[in-house]
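This report goes through a few local features of one model. Please look at the sequence and the 3D structure before reading on.

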Amino acid sequence: MQVFTCILLGFLLVCAISVSLSKNLLNSILIFMSYSLVMSVIWILLESPDLAITEAAVGAGVTSVLFFITLKKIHAIIKTEKEEEDEQESTQK
């Protein structure tokens, strides 16, 4: 059990560093979601189910949905899709 906890803490550290270094906003949100889910599992291991449920609902659920809505409203998601299409067209030429 101790090894599993150490692996989770390592993954938590990797998520925290990678979310701050990521340049793509969509990837940052997905990494943040995985950070919240791992933190929820850690709360379960610490025998605190009320905090685990709250972390899963608010951290991975509500906050991530709000981030996705914000990206859609500022047209950041559409912009990245158009950039990918432009890159595909330029490679086909």
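Leaving aside residues up to four places away in sequence, S40 touches A52, E55 and A56, where contact means heavy atoms within 4.5 Å. S40 has its place in helix 2; helices here are DSSP runs (H or I, at least four residues), numbered from the N terminus. S40 is buried.

The model is a predicted one, in which local features need pLDDT of at least 70 and side-chain atom pairs count only at pLDDT 80 or more, while totals for chains, interfaces and linings use all residues. Residues are numbered from 1 along each chain as its sequence is written, and side-chain values use heavy atoms, with hydrogens and water left out.

Buried means under 20% relative accessible area, exposed means over 50%, and partly exposed lies in between (1.4 Å probe, protein chains only).

| Residue | Relative accessible area | Class |
|---|---|---|
| S40 | 11% | buried |
| F32 | 25% | partly exposed |
| F67 | 37% | partly exposed |
| E47 | 72% | exposed |

E47 lies in the loop between helix 2 and helix 3. Most residues other than glycine have a negative phi. E47 is not a glycine, yet its phi is positive, at about 60 degrees.

A search of the whole structure for aromatic pairs finds one. The pair consists of F32 and F67, with 5.8 Å from centre to centre and 70 degrees between the planes, and it is edge-to-face. Rings of Phe, Tyr and Trp (its six-membered ring) pair if their centres lie within 6.5 Å; planes under 30 degrees apart count as stacked, over 60 as edge-to-face and the rest as tilted. F32 is in helix 2 (residues 25-45) and F67 in helix 3 (residues 49-73), so the pair links distant parts of the chain, 35 residues apart.

How are two packed helices described? The angle between their axes and the distance between the axes are used. Helix 1 (residues 2-21) and helix 2 pack at about 155 degrees, with axes 9 Å apart. Axes are lines fitted to C-alpha atoms, for helices over the stretch in contact, and angles run from 0 to 180 degrees between N-to-C directions. Helix 1 and helix 2 are therefore roughly antiparallel, a term for angles over 145 degrees.

The residues of this contact divide into 16 nonpolar, four polar and no charged. Ala, Val, Leu, Ile, Met, Phe, Trp, Tyr, Cys and Pro count as nonpolar, Asp, Glu, Lys and Arg as charged, and the others, Gly among them, as polar.

Methods. Helices (H or I, at least four residues) and strands (E, at least two) are DSSP runs, numbered from the N terminus. Angles under 35 degrees count as roughly parallel, over 145 as roughly antiparallel, 65 to 115 as roughly perpendicular and the rest as oblique.
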